[in-house]
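Please consult the sequence and the structure shown below while reading.

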Amino acid sequence: QLQAYGGGLVQAGGSLRLFCAASGRTFSGYAMAWFRQAPGKEREFVAVIDYSGISTKYADSVKGRFTISRDNAKNAVYLQMNSLKLEDTAVYYCAAGRYSGASSTDRYDYWGQGTQVTVSS
């Protein structure tokens with residue numbers, strides 16, 4: 001029901017835009033988030049946007065570089081990633097949940113398949 005797209009290989013300092021497409025149901029009433037998981041590490045919170053698209057929250061590690069947005073008419077959420085760093089390399093997942101502003105994985109009910117982001121030097 002959720003699928004993330006837009007990953008790829010990019011040089012450090014570059015940009016990528018991820019998007020998450022929802023199908024089968026509408027997620028307009030859900031908070032939407034991005035998480036990421038690097039090899040050998042736990043899945044970590046990246047950003048979340050509330051159902052209205054007004055309120056957002058970011059992990060400190062991406063604040064000022066990443067921007068989350070959504071288009072409820074298209075049932076989609078986006079993650080604009082600028083000034084990418086080597087440590088941003090991970091599989092990125094989108095998720096939907098009922099709790100606005102949540103940064104814990106257990107607050108999210110729906111998960112998409114991830115998309116790989118690789119940042120090279």
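The points that follow cover salt bridges, aromatic pairs, charges over rings and backbone angles.

The model is predicted. It holds four salt bridges and eight aromatic pairs. Selected examples of each are described below, together with the accessibility of the residues involved.

**Salt bridges**

- Side chains of opposite charge can pair when their charged atoms come close.
- Arginine 36 and glutamate 44 meet through their side chains in a salt bridge, with an N to O distance of 2.6 Å.
- Aspartate 88 forms a salt bridge with arginine 65, and their closest N and O atoms are 2.7 Å apart.
- This last pair links distant parts of the chain, 23 residues apart: aspartate 88 lies in the loop between E8 and E9, and arginine 65 in the loop between strand E6 (56-58) and E7.
- Aspartate 88 counts as buried at 0% relative accessibility, and arginine 65 counts as buried at 10%.

**Aromatic pairs**

- A pair of aromatic rings is described by the distance of the centres and the angle of the planes.
- Of the eight aromatic pairs in the structure, one is formed by tyrosine 30 and tyrosine 110; this pair is edge-to-face, with 5.8 Å from centre to centre and 80° between the planes.
- The two tyrosines come from distant parts of the chain, 80 residues apart: tyrosine 30 is in the loop between strand E3 (16-22) and strand E4 (31-37), and tyrosine 110 is in strand E10 (residues 110-111).
- Tyrosine 30 is buried, with a relative accessible area of 6%, while tyrosine 110 counts as partly exposed at 22%.
- The ring centres of phenylalanine 35 and tryptophan 111 are 5.0 Å apart and the planes stand at 55°, so this pair is tilted.
- Because phenylalanine 35 lies in strand E4 and tryptophan 111 in strand E10, their pair ties together parts that are 76 residues apart in sequence.
- Phenylalanine 35 is buried, at a relative accessible area of 0%, whereas tryptophan 111 counts as partly exposed at 28%.
- Phe35, Phe45, Tyr108 and Trp111 are linked into a cluster by ring pairs.

**Charges over rings**

- The charged end of arginine 43 sits over the ring of tryptophan 111, at 5.0 Å from the ring centre.
- The charged end of arginine 25 is placed over the ring of phenylalanine 27, at 5.7 Å from the ring centre.

**Backbone angles in loops**

- Asparagine 75, a residue other than glycine, has a positive phi near 55°.
- Asparagine 75 occupies the loop between strand E7 (66-71) and strand E8 (76-81) and is buried, with a relative accessible area of 17%.
- Serine 83, also a residue other than glycine, has a positive phi near 50°.
- Serine 83 belongs to the loop between E8 and strand E9 (90-97) and is partly exposed, with a relative accessible area of 41%.

Terms used
Residues numbered from 1 in each chain as written. Predicted model: local features only at pLDDT ≥ 70, side-chain atom pairs only at ≥ 80, totals over all residues. Heavy atoms only, no water. Helix = DSSP H or I, 4+ residues; strand = E, 2+ residues; numbered from the N terminus. Buried < 20%, exposed > 50% of the residue type's maximum accessible area, 1.4 Å probe, protein only. Phe/Tyr/Trp six-rings, centres within 6.5 Å; stacked < 30°, edge-to-face > 60°. Lys NZ or Arg CZ within 6 Å of the ring centre and 35° of its normal.
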